[in-house]
Amino acid sequence: MPLIKLRYEIYIPTCYNDKTLIEVSKYREIKNKLQKKFGGLSVHPATIQGSFFSEILNCFLYDNCFRYEILVEKLPENEEFFEEFKKELLQMLNQEEIFMIYTETNWV
């Protein structure tokens, strides 16, 4: 019988809002935190191009992101972890927004 899990996708930008590159150590810190907490994750090394409308700047912004993907138990404490983790990422990476989504998936 399949188990219901949550698959989180976290899009980590390659640049700060001022267009300077984010340090490699920050990516390592994010990866290590997730690995330590959940035992593993997938990092997609090819960048994904994205765009979004900034309400603050009143214009479209464009960025490149790395996608971190992780499968976790569907538990309230995991959902709470990712809500707090997003706040941490916003501050750590000095971003207006971090695109993070989750979908329910069956583990077979």
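Analyst: Buried means under 20% relative accessible area, exposed means over 50%, and partly exposed lies in between (1.4 Å probe, protein chains only). This is a predicted model, where local features need pLDDT of at least 70 and side-chain atom pairs count only at pLDDT 80 or more, while totals for chains, interfaces and linings use all residues. Residues are numbered from 1 along each chain as its sequence is written, and side-chain values use heavy atoms, with hydrogens and water left out.

User: Why would residues spaced out along a helix point the same way?

Analyst: An α-helix has 3.6 residues a turn, so residues three or four places apart point the same way.

User: How do I read the length of H2?

Analyst: Compare its span with the expected one, which is 1.5 Å times one less than the number of residues. H2 runs over residues 76–92, 17 residues in total, and reaches 24 Å from first C-alpha to last, close to the expected 24 Å. Just past its end, Asn94 has a positive phi of about 50°.

User: Now H1. Which of its residues are buried, and which are exposed?

Analyst: Lys26, Tyr27, Ile30 and Leu34 are the buried ones. Looking down the axis of H1, they fall within an arc of 105°, so they line one face of the helix. Val24 and Lys36 are exposed on the other side of H1. Among what covers the buried face are S1, S3 and H2. The length checks out too: 15 residues should span 21 Å, and the end C-alpha atoms of H1 are 21 Å apart. Gly39 follows H1 with a positive phi near 90°.

User: On to the sheet. What is the order of its strands?

Analyst: Two strands pair if DSSP finds at least two bridges between them. Here the order is S2-S3-S1-S4, an open sheet of 4 strands with antiparallel pairing. Strand S2 (42–54) and S4 sit at the edges, each pairing on one side only. From one strand to the next, the twist averages 35°. S1 and S3 are joined by 9 bridges.

User: How do the helices lie on the strands?

Analyst: For angles, axes are lines fitted to C-alpha atoms (for helices, over the stretch in contact), and values run from 0 to 180 degrees between N-to-C directions. H1 lies across S1, S2 and S3, at about 25° to S3. H2 lies across S1, S3 and S4, at about 0° to S1.

User: Last one: how many salt bridges does the whole structure have?

Analyst: A salt bridge is a side-chain nitrogen of Lys or Arg within 4 Å of a carboxyl oxygen of Asp or Glu. The search finds 10. One network links Arg7, Glu9, Arg67 and Glu69. Within it, Arg7 and Glu9 come to 3.0 Å between their closest N and O atoms, and Arg7 and Glu69 meet at 3.7 Å. Arg7 is partly exposed at 28%, whereas Glu9 is buried at 8% and Glu69 is buried at 17%. Glu9 also has Glu69 as its bridge partner in S3.

User: Which salt bridge ties the two helices together?

Analyst: Lys33 and Glu88, with closest N and O atoms 2.7 Å apart. Lys33 lies in H1 and Glu88 in H2, so the pair ties together parts that are 55 residues apart in sequence. Lys33 is partly exposed at 32%, and Glu88 is partly exposed at 30%.

Methods:
Contact means heavy atoms within 4.5 Å. The arc is that of the directions from the helix axis to the C-beta atoms.
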